[in-house]
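Hi everyone, thanks for coming. Let me put it up on the screen.

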Amino acid sequence: MATQPPTTPDGERQVFFNAFDMNCVGHQSPGLWRHPEDRSREYRSLDYWVGLARTLEEGLFESLFIADVLGPYDVYEGSPRAALRSGAQVPVNDPILLVPAMAAATKNLGFGVTAGTAYEHPYPFSRRLATLDHLSDGRVGWNAVTGYLPSAARNLGEADQREHDERYDHADEYLDVIYQLLGGSWEDDAVADDPTTGVFTHPDKVHDIGHRGRFFTVPGAAIVEPSPQRVPLIFQAGASPRGQRFAGRHAEASFINSPTDALAKKATANLRAAAVAAGREPYDIRVFTLITVVTGKTDAEAKEKLEELASYVDIEGALALLSGWLGVDLARFDPDEPLGDVESNAIRSTVANFQALAGDDKEWTVRRIAKWAGIGGVGRVLVGSGETVARELARIQDETDVDGFNLAYHITPGTFEDLVEHVVPALQDLGRYKTEYRPGTLRNKLFGEGDRLSPRHYGARFAPSARPAAAG
């Protein structure tokens, strides 16, 4: 049950894995596309993505989570030059178009696609989302993001992005429209598909939503029939106080990027409390923390691998990414100057993490931050044999109460191949990782409570079963 932490058949707390990727060459480890074993340059090829999906399914990963941005990282030096030169998340292709090919090549792997609420109307987006859910037999999740890059806002006709908390107000209404369209406008038996009567869809079982809000007016019904999950699983990654309230209402899986046990434990507890405040149970949200794993047959081999990887880090690319995440131009600072308090309209949880880390035994200078974030971004990096990494992942879960790990790559697909070869079997030996998939949709795989939104979820109020019966 979602009200309790998920366990394996051995009775141990279960570790979930998501692969964290992006339809580009330089995701969380700028510069490592130059490594001779890295194949991220093949991001334009379906063969690459299908091969990756099959590797992840072999390793029983819950999903491949694909990040996205709609503009280049141009906060650093007020220009996209550094991001373009280093290949830091640019060029970047659409994540959604990858899913049908990977879904056709797999049976169980889920797919989390990132799409922002800021710049596309929910009506056409709801159709694309439902289409993916149909084509994947219910294995799709949507990472609902509000956006954080000013370049995206400008390229879509805005002077700048909305203020941080207003972006979430806008997103709340966006989700309301999605719930009404996909979750409620068609009754479960609306489609008759009856050649005898000639009725394909019962018109009286399709209902206009009549939505008129602050940001959107949507009078009609969805133009797609209900998909296996109706509303695909909702991912979310905002960890600011306003983002946590948004997660408490909407998120079924939430990603955090806390680089220490203490920060991860606090972020996880806040998300579980937000779920309770929204009328749900603490474990109605699966919490995944960002980690990059460098592993091999032995601890020594893994450490040697890390040293080699570090030689490929592009510091300027790291600064371009960090400036975008922080919402602060790090070029304004002396490289060896301690980074003090900063105000941000970008990703406030990233700012909070660095402010918390500033309390350690070393000053957090710009140079040190760039080197630290060069492999794996703002998440922690684990180095060791499969057995060493598996024990550390289990320890982190026990200490912080996270449900699983959002695993970024240093090189791809090598990072994920190493995880499947070394770490997954070691976790299984500890009794902490499944040996087969649970059947059904992505939602059922994560929660085991069926394919549709939980009745405790805010969006369930828009389901056809919640609609008052017609009088007479």
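This is a predicted model: local features need pLDDT of at least 70, side-chain atom pairs count only at pLDDT 80 or more; totals for chains, interfaces and linings use all residues.

Okay, let's begin with His35. You'll find His35 in the loop between strand S1, residues 16–22, and helix H1, residues 46–58. So is His35 buried or exposed? Its relative accessible area is 4%, and since anything under 20% counts as buried, His35 is buried.

And who does His35 touch, once we skip residues up to four places away in sequence? The answer is Glu308, Leu309, Tyr312 and Ile411. With Glu308 there's a polar contact between the two side chains, at 3.3 Å.

Next up, Ser126. This one is in helix H4, which runs over residues 122–135. Ser126 has a relative accessibility of 2%, so it counts as buried too. A polar atom of the Ser126 side chain lies 2.7 Å from the backbone oxygen of Tyr123. If you leave out the neighbours within four places in sequence, Ser126 is in contact with Ile178, Leu181 and Leu182.

Now to the helix pair. Helix H13 covers residues 386–400 and helix H14 covers residues 414–429, and they pack with their axes 8 Å apart at an angle of about 55°. That angle is why we call H13 and H14 oblique to each other. As for handedness, H13 passes H14 in a right-handed crossing.

Which residues make that contact? From H13 we have Gly386, Glu387, Val389, Ala390 and Leu393, and from H14 we have His422, Val423, Ala426 and Leu427. Sort them by class and you get 6 nonpolar, 2 polar and 1 charged.

Last stop, Pro439, in the loop between H14 and helix H15, residues 442–447. Here the relative accessible area is 60%, and because over 50% counts as exposed, Pro439 is exposed. Not counting residues up to four places away in sequence, Pro439 touches Asn444 and Lys445. Looking back along the chain, Gln428 is 11 residues from Pro439, and their C-alpha atoms are separated by 19 Å.

Conventions: Residues are numbered from 1 along each chain as its sequence is written. Side-chain values use heavy atoms; hydrogens and water are left out. Axes are lines fitted to C-alpha atoms, for helices over the stretch in contact, and angles run from 0 to 180 degrees between N-to-C directions. Helices (H or I, at least four residues) and strands (E, at least two) are DSSP runs, numbered from the N terminus. Angles under 35 degrees count as roughly parallel, over 145 as roughly antiparallel, 65 to 115 as roughly perpendicular and the rest as oblique. A crossing is left-handed if the near helix is turned anticlockwise from the far one by less than a right angle, and right-handed if clockwise. Contact means heavy atoms within 4.5 Å. Ala, Val, Leu, Ile, Met, Phe, Trp, Tyr, Cys and Pro count as nonpolar, Asp, Glu, Lys and Arg as charged, and the others, Gly among them, as polar. Buried means under 20% relative accessible area, exposed over 50%, partly exposed in between (1.4 Å probe, protein chains only). A polar contact is a pair of N or O atoms within 3.5 Å; within protein, one must be able to donate a hydrogen and the other to accept it, and residues adjacent in sequence count only if both atoms are side-chain atoms.
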